[in-house]
Amino acid sequence: MKKTIALTILLAALASCSDSDTYQEIEKPPTDPGTGTPPVTTVNYTKNIKSIIDANCVPCHSNGRAASFRPLTTYAEVKAAIETAGLLNRIQLQNGQQGLMPQGGRMSQTNIDLIVKWNTDGLKEK
């Protein structure tokens, strides 16, 4: 009887083990489900935001362009646009809504999320 109980416990313990998590899977850092890349822990202008602004905003928001009255070519200008000009609200509007930036169409949600996180993280430059 004792052997049967011991064998039952042993079989139950072995059945509950799973080999689905390899050491490599356990050691991998978590990834962003949308992109499959490791999530950015702290967002800063230089590493994460400048390239998004350069690609999506600077074509209009620079000297000699249609929106040169609100340049977005430097860290200070972009930071000021977030703090005083409603940049976060404008980039989060949906296509077709008045005031959406960029005017050519909404940028990717991943880029919008990074800019929002940058604001949440304190608008750090570097």
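## A walk from α3 to α6

Start by selecting α3, residues 45–56: this helix has 12 residues, yet its end C-alpha atoms are only 15 Å apart, short of the 16 Å that a straight helix would reach at 1.5 Å a residue. Keep in mind as you look around that this is a predicted model.

Next, show the side chains of Tyr-45, Asn-48, Ile-49, Ile-52 and Ile-53, the buried residues of α3. Look down the helix axis and you will find that they cover an arc of only 115°, which puts them on the same side of α3.

What lies over the buried residues of α3? Bring up α4 and α6, which are included in that cover.

Stay with α6 and select residues 109–120.

Now colour Ile-112, Leu-114, Ile-115 and Trp-118, the buried residues of α6. These cover an arc of only 160° around the axis, which puts them on the same side of α6. To see what they pack against, show α3, then α4 (75–84) and α5 (87–92).

With α3 and α6 both on screen, look at how they meet. The two helices pack at an angle of about 130°, and their axes are 10 Å apart. That angle makes α3 oblique to α6. The crossing in which α3 passes α6 is left-handed.

Zoom in on the contact itself. From α3, select Tyr-45, Ile-49, Ile-52, Ile-53 and Asn-56; from α6, select Asn-111, Leu-114, Ile-115 and Trp-118, which they meet.

Finally, zoom out to the whole protein. There are 6 helices and 0 strands, and the pattern along the sequence reads α-α-α-α-α-α. Colour by burial and you will see 24% of the 126 residues count as buried. Among contacts between residues at least 6 apart in sequence, 51% join residues at least 24 apart.

Technical notes: Residues numbered from 1 in each chain as written. Predicted model: local features only at pLDDT ≥ 70, side-chain atom pairs only at ≥ 80, totals over all residues. Heavy atoms only, no water. Helix = DSSP H or I, 4+ residues; strand = E, 2+ residues; numbered from the N terminus. Expected span 1.5 Å × (residues − 1). Buried < 20%, exposed > 50% of the residue type's maximum accessible area, 1.4 Å probe, protein only. Arc of directions from axis to C-beta. Contact = heavy atoms within 4.5 Å. Axes fitted to C-alpha atoms, helices over the stretch in contact; angles between N-to-C directions. Parallel < 35°, antiparallel > 145°, perpendicular 65-115°, else oblique. Left-handed = near helix turned anticlockwise from the far one by under 90°.
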